[in-house]
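Colleague: I am new to this model. Please take me through it in questions and answers.

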Amino acid sequence: MDGDRQQMKQQILFSSDLDDPAAWAAAVAALRPEIEVVDWRNVTDPASVPFALLWKPPAAGLAAFTGLKGIQSLGAGINQLNLAELPAGVPLARLIDDSLTETMTDYAVAAVYRHYRGFDHFERQTRARLWDYRPARRKGDFPIGVMGLGVLGGAIARQLRDLGFPVSGWSRGPHRIDGVRCHAGTGELPDFLAASRLVVNVLALTPATAGILNAGTFALMPAESFVVNIGRGGHLIEDDLIAAIDAGRIAGATLDVFSTEPLPVEHPIYSRPEILATPHVAGAIAPETAARTVIENFDRALRGDPLLNAVDTARGY
Ligand SMILES: NC(=O)c1ccc[n+]([C@@H]2O[C@H](COP(=O)([O-])OP(=O)(O)OC[C@H]3O[C@@H](n4cnc5c(N)ncnc54)[C@H](OP(=O)(O)O)[C@@H]3O)[C@@H](O)[C@H]2O)c1
């Protein structure tokens, strides 16, 4: 009997070095007890598994999973998956959930206020036992530029607008957001940067956006500007940021993502007082809410229907 029940269970392959398989298994089972989320190390019949939930592919690869009908990224981005390693023709979706939008927006707002109110400066003053009076800035003098106006960038831009900051946004194609000055395409990037005292990067990482936070970009921003990177480490040329800080172009940065994660202990970023590094914690997906989307995509994949939030692999996001 137990064996029969086991036979009837449908499996979702799970692979992540960051997320807890037990939490996802419980969240999915709470909604659909017949679906079992199985860590890749415990899969006994890979060819029978129809769906995968992946931050990164299993260390052993996906070649044995010949029956996959859909792949769900465990993040809003998909570049950590390395599209070339995924089985050809299997639809891929990114994960969108209110829990992620809320935590990413909170992080962006916290980082903006950290620089806007000079907490970065006063932290250094405190450690140096200095009492250095600086008048508070006014929001009107602190325009924010949001790079990326997708699900996350759009929410961040609206939240910062509602808090009273002048906000501009930049994306690939045109967007309209009330009260936000929207720019599109590389031709409009210089004007966008020139008007941004602080940029929050939340672009998708593609060949066109890799290394976009570089010396040329920093040179177009006003002197003593700030950089907040919550997109991907590949967006930022870290050496260029350090050089721009040394040159006084950039006054400080809050970074959540890095070219190598974990950031190696010998990395120069650790010894820069102007940079706050957080260990890729800006966004957090709650399995209890996001499990609904995963199950919806599981069902769609098995029916052969288009996945929710399907990735356009030609576009790269
Ligand atoms: N740090 C963290 O914890 C964390 C957590 C979640 C996500 N992320 C990162 O956040 C990124 C954004 O997520 P999302 O859900 O907002 O993605 P999304 O909805 O796909 O938005 C991506 C944005 O990037 C823009 N873009 C792409 N290529 C561009 C180009 N060549 N030039 C200008 N703009 C370009 C898109 O422009 P269009 O709107 O014109 O298409 C869009 O506005 C993810 O890809 C991921 O890397 C980080």
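Colleague: Where is the place of Thr 101?

Modeller: This is a predicted model, where local features need pLDDT of at least 70, side-chain atom pairs count only at pLDDT 80 or more, and totals for chains, interfaces and linings use all residues. Residues are numbered from 1 along each chain as its sequence is written, and side-chain values use heavy atoms, with hydrogens and water left out. Helices (H or I, at least four residues) and strands (E, at least two) are DSSP runs numbered from the N terminus. Thr 101 has its place in helix H3.

Colleague: Does Thr 101 count as buried or exposed?

Modeller: Buried means under 20% relative accessible area, exposed means over 50%, and partly exposed is in between (1.4 Å probe, protein chains only). The relative accessibility of Thr 101 is 17%, so Thr 101 counts as buried.

Colleague: Which residues does Thr 101 touch, not counting those up to four places away in sequence?

Modeller: Contact means heavy atoms within 4.5 Å. Asn 42 is 59 residues from Thr 101 in sequence and 32 Å away in space, C-alpha to C-alpha. The residues that Thr 101 touches, leaving out those up to four places away in sequence, are Val 151, Leu 152 and Ala 155.

Colleague: Which residues around the ligand are the closest?

Modeller: A residue counts as near if one of its heavy atoms lies within 4 Å of the molecule or strand in question. The ligand is surrounded by 30 residues. The closest are Arg 94, Leu 152, Gly 173, His 175 and Tyr 317.

Colleague: Which element gives the most to that shell around the ligand?

Modeller: At least two residues of the shell come from each of helix H3 (98-116), helix H5 (151-162) and strand S7 (167-171). The element that gives the most, with three residues, is H5.

Colleague: How many residues of the shell are charged?

Modeller: Ala, Val, Leu, Ile, Met, Phe, Trp, Tyr, Cys and Pro count as nonpolar, Asp, Glu, Lys and Arg as charged, and the others, Gly among them, as polar. On that scheme the shell has 15 nonpolar and 11 polar residues. The number of charged residues in the shell is four.

Colleague: How much of the area that the ligand exposes when taken alone does the protein bury?

Modeller: A polar contact is a pair of N or O atoms within 3.5 Å; within protein, one must be able to donate a hydrogen and the other to accept it, and residues adjacent in sequence count only if both atoms are side-chain atoms. A nitrogen atom of the ligand lies 3.1 Å from a backbone N or O atom of Ile 230, an oxygen atom of the ligand is 3.4 Å from a side-chain N or O atom of Arg 232, and a polar side-chain atom of Asp 256 lies 3.0 Å from a nitrogen atom of the ligand. Accessible areas come from the Shrake-Rupley method with a 1.4 Å probe, and for residues only the protein chains shown count as cover. Taken alone the ligand exposes 940 Å², and the share buried by the protein is 91%.

Colleague: How far apart are the C-alpha centres of domain 1 and domain 2?

Modeller: Domain bounds come from an automatic or database domain assignment, which divides the protein into domain 1 (2-97 + 285-303) and domain 2 (98-277). Their contact takes 13 residues from domain 1 and eight residues from domain 2. The shell around the ligand draws at least three residues from each domain. The two C-alpha centres are apart by 33 Å.

Colleague: What is the relative accessibility of Gly 145?

Modeller: Gly 145 lies in strand S6 (residues 144-147). Leaving aside neighbours within four places in sequence, Gly 145 is in contact with residues including Ser 168, Phe 192 and Val 200. Gly 145 counts as buried because its relative accessibility is 0%.

Colleague: Which residues does His 121 touch, not counting those up to four places away in sequence?

Modeller: His 121 is found in helix H4 (residues 119-127). With a relative accessible area of 8%, His 121 is buried. Beyond four places in sequence, His 121 touches Asp 132 and Arg 134.

Colleague: What is the omega of the peptide bond from Glu 261 to Pro 262?

Modeller: Most residues other than glycine have a negative phi, and most peptide bonds are trans. Pro 262 lies in the loop between strand S11 (250-255) and strand S12 (275-277). The bond from Glu 261 to Pro 262 is cis, with omega near -5°.

Colleague: What is the phi of His 280?

Modeller: His 280 has its place in the loop between S12 and helix H9 (287-303). With a relative accessible area of 25%, His 280 is partly exposed. Its phi is positive, in a residue other than glycine, and is near 50°.
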